[in-house]
Amino acid sequence: MLISMAVVGKWSDKIQRRKPFVFWTSVLLAASMVIPLVSPTVPGLIAQSVVAGFAFGAYLVVDQALFIDVIVDKRNAGRDLGMSALAETLVRPLVLFLQACWSPRPVATESCGSWPSRSCWSPRPRSCQ
């Protein structure tokens, strides 16, 4: 992954093109998912991991460069990059929290161990308190 970041990042900077790299690394990442289907073995999984790591590393660096290229106000580029990173980072815990709220709760062996609510905010039945 680090090798692909260095090589593809420098190559992208040298030719001043970003979109073809984003497109083709996405295609390569998607194509890497076929390897375990064709070869469902440990070496096939390792090959898929290597190809996907190369593609994802290249995608990350070129996508970040593309984002920097399209920032309109260069004086506030740091703020915009920070907001982008914050938006990417805050989504993960929020999605996990929402999934925990709306996923079916496991059935417990005790009579009040679980109740049929799918919301994190609904109160526990009085009979269980």
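Colleague: What share of the contacts in the chain with a separation of 6 or more comes from residues 24 or more positions apart?

Modeller: That share is 40%. Keep in mind that we're looking at a predicted model.

Colleague: Let's get to packing. What describes two packed helices?

Modeller: Two things: the angle between their axes and the distance between those axes. Take helix 2, residues 19-32, and helix 4, residues 42-70: they pack at about 155 degrees, with the axes 8 Å apart. Angles over 145 degrees count as roughly antiparallel, so that is how helix 2 sits relative to helix 4.

Colleague: And is the crossing of helix 2 and helix 4 left-handed or right-handed?

Modeller: Left-handed. On the helix 2 side, the contact is made by Lys 19, Phe 21, Val 22, Thr 25, Ser 26, Leu 28, Leu 29 and Ser 32. Helix 4 brings Gln 48, Val 51, Ala 52, Phe 54, Ala 55, Phe 56, Ala 58, Tyr 59, Val 62, Asp 63 and Leu 66.

Colleague: How do the residues of that contact divide into nonpolar, polar and charged?

Modeller: Between helix 2 and helix 4 you have 13 nonpolar, four polar and two charged residues.

Colleague: Now try me on another pair. At what angle do helix 4 and helix 5 cross?

Modeller: Roughly 135 degrees, and the axes of helix 4 and helix 5 (residues 77-102) come within 10 Å. These two helices are therefore oblique to each other, and their crossing is right-handed. Here Gln 64, Phe 67 and Ile 68 of helix 4 meet Asp 80, Leu 81 and Ser 84 of helix 5. Sorted by class, this contact of helix 4 with helix 5 has three nonpolar, two polar and one charged residues.

Colleague: Which residues make up the largest nonpolar core?

Modeller: A nonpolar core joins buried residues through side-chain atoms within 4.5 Å. The largest one here has five residues: Val 8, Phe 21, Val 22, Ala 58 and Val 62. Helix 2 and helix 4 are the elements giving two or more residues to this core.

Colleague: Let me zoom in on Phe 21. What is Phe 21 in contact with, leaving aside its neighbours within four places in sequence?

Modeller: Val 8, Trp 11, Ser 12, Ile 15 and Val 62.

Colleague: One last stop, the backbone. Which residue has a positive phi although it is not a glycine?

Modeller: Gln 16, with a phi of about 55 degrees. You'll find Gln 16 in the loop between helix 1 and helix 2. Gln 16 counts as exposed because its relative accessibility is 57%.

Notes. Residues numbered from 1 in each chain as written. Predicted model: local features only at pLDDT ≥ 70, side-chain atom pairs only at ≥ 80, totals over all residues. Heavy atoms only, no water. Axes fitted to C-alpha atoms, helices over the stretch in contact; angles between N-to-C directions. Helix = DSSP H or I, 4+ residues; strand = E, 2+ residues; numbered from the N terminus. Parallel < 35°, antiparallel > 145°, perpendicular 65-115°, else oblique. Left-handed = near helix turned anticlockwise from the far one by under 90°. Contact = heavy atoms within 4.5 Å. Nonpolar A, V, L, I, M, F, W, Y, C, P; charged D, E, K, R; others polar. Buried < 20%, exposed > 50% of the residue type's maximum accessible area, 1.4 Å probe, protein only.
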